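Grab a pencil and work through these exercises with the structure open beside you. Try each task before you read its solution.

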Amino acid sequence: DVVMTQSPLSLPVTLGQPASVSCRSSQSLVYSDGNTLLSWFQQRPGQSPRRLIYQVSNRDSGVPDRFSGSGSGTDFTLKISRVEAEDVGVYYCMQTTHWPFTFGPGTKVDIK
Amino acid sequence: EVQLVESGGGLVQPGGSLRLSCAASGFTLSSYWMSWVRQAPGKGLECVANIKQDGSVKYYVDSVKGRFTISRDNAKNSLYLQMNSLRAEDTAVYYCARADQYLVPDYWGQGTLVTVSS
């Protein structure tokens, strides 16, 4: 199985400051058609997960542009340019290149 | 508006069975792969099973293979997960999710809690 690792696992941030979460996979996530199938999800406290980013860097509809994704191959990053109070929650990366699809362990973002 | 509403969770003894349902609305179910994703209490996410639009292809994670069966009824706008031989480690919130063309969940339900305990 593809192992997804994230760092840090806990990220206290100051409102208005940037935040960055790293995600690494044990195998390349480049799919047979050349696309890279790495997504990011946000799970606010007490809520279901919500997809933010798909195929490394494509933001979902309604996702604020302060969220951005980058990376390639096995190394990926989610950035929040200026953290707002509503960004508190756990962020997961997920790969759907190889079955079984796997998630990272999650990074908990909270306010200092 | 896409809506996914799970039901059928509850308390079941080890070795027992449960059938989860997911009612889909706001989109054409027959056009999408669908998934079940679970989250054990206080833990991360695990993709349990996926099913193709017409039900002809199904994927299961090894830990549930032979015990769980994913199915769908597009005419009834419904997705199902039949869970047999349940174990304590199956205790989790089970989410129904719509998947895009690369099987990435793009809409999630609110989840239904399954507790396996004697």
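Helices (H or I, at least four residues) and strands (E, at least two) are DSSP runs, numbered from the N terminus. This is a predicted model, where local features need pLDDT of at least 70, side-chain atom pairs count only at pLDDT 80 or more, and totals for chains, interfaces and linings use all residues. Residues are numbered from 1 along each chain as its sequence is written, chains are lettered from A and ligands numbered from 1 in the order in which they are written, and side-chain values use heavy atoms, with hydrogens and water left out.

**Exercise 1.** Find where A:Val56 sits and what its phi is.

Step 1: look in the loop between β5 and β6 (58-59) of chain A, and you'll find A:Val56 there.
Step 2: read off phi, which is near 75° for A:Val56, a positive value in a residue other than glycine.

**Exercise 2.** Describe how chain B meets chain A.

Step 1: count contacts (heavy atoms within 4.5 Å). You get 23 residues of chain B touching 19 residues of chain A.
Step 2: get the buried area, meaning the accessible area (1.4 Å probe) that two parts lose on being put together, summed over both. Chain B and chain A bury about 1700 Å² between them, with 63% of it on carbon and sulfur atoms.
Step 3: B:Asp100 pairs with A:Arg51, and their closest N and O atoms are 2.8 Å apart.
Step 4: see which elements give two or more residues to chain B's side: β4 (33-39), β5 (45-51), β6 (58-60) and β10 of chain B. The most comes from β5(B), with 6 residues.
Step 5: sort that side by class (Ala, Val, Leu, Ile, Met, Phe, Trp, Tyr, Cys and Pro are nonpolar; Asp, Glu, Lys and Arg charged; the others, Gly among them, polar). You end up with 14 nonpolar, 5 polar and 4 charged residues.

How values were computed
Salt bridge = Lys/Arg side-chain N within 4 Å of Asp/Glu carboxyl O.
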